[in-house]
Amino acid sequence: MIYRVISIDIVDGKEEEAILFGKRTTQYINARYPEVNAHVLRNRSGGPRVHVVESYDTQEAWEAIIAELKVDAEWQAMEADSRHLYVPASFDETFYDVIS
């Protein structure tokens with residue numbers, strides 16, 4: 001099993017809108033791909049930042065889902081609608097292997 005963690009800063013004044021968007025996207029992923037367990041986390045310390053944590057059985061499973069999302073019109077529209085909420089230069093994506 002692997003975990004994918006995306007961390008990104010929220011544009012000043014957009015925190016509530018960004019949190020709502022995060023909820024919407026994780027609900028979409030969890031509904032469409034029940035084998036994925038996605039959550040959005042709000043930073044409790046530090047500045048306005050969110051983290052999306054997703055679990056996948058394998059790297060290949062993640063790659064297959066990402067390939068589907070790249071051609072999913074609804075997903076692409078959601079991503080386009082969110083660009084004003086986040087600081088692009090702060091985007092960080094990390095993968096973790098579960099060892100226990």
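A salt bridge is taken here as a side-chain nitrogen of Lys or Arg lying within 4 Å of a carboxyl oxygen of Asp or Glu. The structure is a predicted model, in which local features need pLDDT of at least 70 and side-chain atom pairs count only at pLDDT 80 or more, whereas totals for chains, interfaces and linings use all residues. Residues are numbered from 1 along each chain as its sequence is written, and side-chain values use heavy atoms, with hydrogens and water left out.

Side chains of opposite charge can pair when their charged atoms come close. A search of the whole structure finds seven salt bridges. One of them joins E93 to R4, with the closest N and O atoms 2.7 Å apart; this pair links distant parts of the chain, since E93 belongs to strand β4 and R4 to strand β1, 89 residues apart. Helices (H or I, at least four residues) and strands (E, at least two) are DSSP runs numbered from the N terminus.

R42 is partly exposed, at 42% relative accessibility. Salt bridges that share partners join R4, E54 and E93 into one network. In a further salt bridge, between E17 and K14, the closest N and O atoms are 3.8 Å apart; E17 is partly exposed at a relative accessible area of 36%, as is K14 at 27%.

The largest pocket holds about 680 Å³ of space, and of the 26 residues that line it, I6, F21, W75, E79 and F91 are the closest to its centre. On a 1 Å grid over the protein atoms alone, a pocket is an open set of points where a 1.4 Å probe fits, with protein on both sides within 12 Å along at least five of seven lines, and lining residues have an atom within 4 Å of a point. Elements that each supply at least two residues of this lining are β1 (2–9), α1 (15–32), β3 (49–56), α2 (59–70) and α3 (73–82), and the largest share, five residues, comes from α1. The lining divides into 15 nonpolar, five polar and six charged residues, where Ala, Val, Leu, Ile, Met, Phe, Trp, Tyr, Cys and Pro count as nonpolar, Asp, Glu, Lys and Arg as charged, and the others, Gly among them, as polar.

On the surface, M1, Y3, Y96 and V98 form a nonpolar patch with about 360 Å² of accessible area together. Such a patch is made of residues with over 30% relative accessible area and no salt bridge, nonpolar side chains (Val, Leu, Ile, Met, Phe, Trp, Tyr) being joined within 5 Å, and accessible areas come from the Shrake-Rupley method with a 1.4 Å probe. V98 lies in the segment after β4 (92–97) and is partly exposed, with a relative accessible area of 35%.

Terms used
Patches are made of residues with over 30% relative accessible area and no salt bridge: like charges are joined within 9 Å, nonpolar side chains (Val, Leu, Ile, Met, Phe, Trp, Tyr) within 5 Å. Buried means under 20% relative accessible area, exposed over 50%, partly exposed in between (1.4 Å probe, protein chains only). Grid points are joined across faces, edges and corners, and a volume is the space filled by probe spheres set on the points.
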